[in-house]
Amino acid sequence: FAARSDEAPAESVAVSDPFIGHRVSISGLIARPDLNGKVGLVVDAYGESRYTVYVDSVDTPETIALRPVNLRVLNPKADAPASDPASASRRPAYEELRQV
């Protein structure tokens, strides 16, 4: 089911958010079991209860909205928030966002 493209990501997320900017492993999805075990980058908060995750460990990279319960941060101490311009240019637009 597609998310509304006119919804903006939540702006009230704290800077110390445990997910944003980190690589995560995806698990526990029922609607998209093909994504379980895949890895992605959390790029932003989406609404009040989801995160925008750029899943690049699949044949066709995509951006989806996932609940925190479906995310596990990989190497949180080794990850640095994604702030380099090169990674930002690879992120798909929010209009392509799919909610799982």
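Residues are numbered from 1 along each chain as its sequence is written. Because the model is predicted, local features need pLDDT of at least 70 and side-chain atom pairs count only at pLDDT 80 or more, while totals for chains, interfaces and linings use all residues, and side-chain values use heavy atoms, with hydrogens and water left out.

Let's start with the core. A nonpolar core is a set of buried Ala, Val, Leu, Ile, Met, Phe, Trp, Tyr and Cys residues joined through side-chain atoms within 4.5 Å; buried means under 20% relative accessible area, exposed over 50% and partly exposed in between, with a 1.4 Å probe and protein chains only. The largest one here has 13 residues, and those touching the most other members include Ile26, Val42, Val53 and Leu71. Strand E3 (50–55) is one of the elements giving two or more residues, and E3 gives the most, with three. Strands (E, at least two residues) are DSSP runs numbered from the N terminus.

Ile26 sits in strand E1 and is buried, at 0% relative accessible area. Skipping neighbours within four places in sequence, its contacts (heavy atoms within 4.5 Å) include Leu35, Val53, Leu66 and Leu71. Val42, counted likewise, touches Val53 and Leu71, among others.

Technical notes
Helix = DSSP H or I, 4+ residues; strand = E, 2+ residues; numbered from the N terminus.
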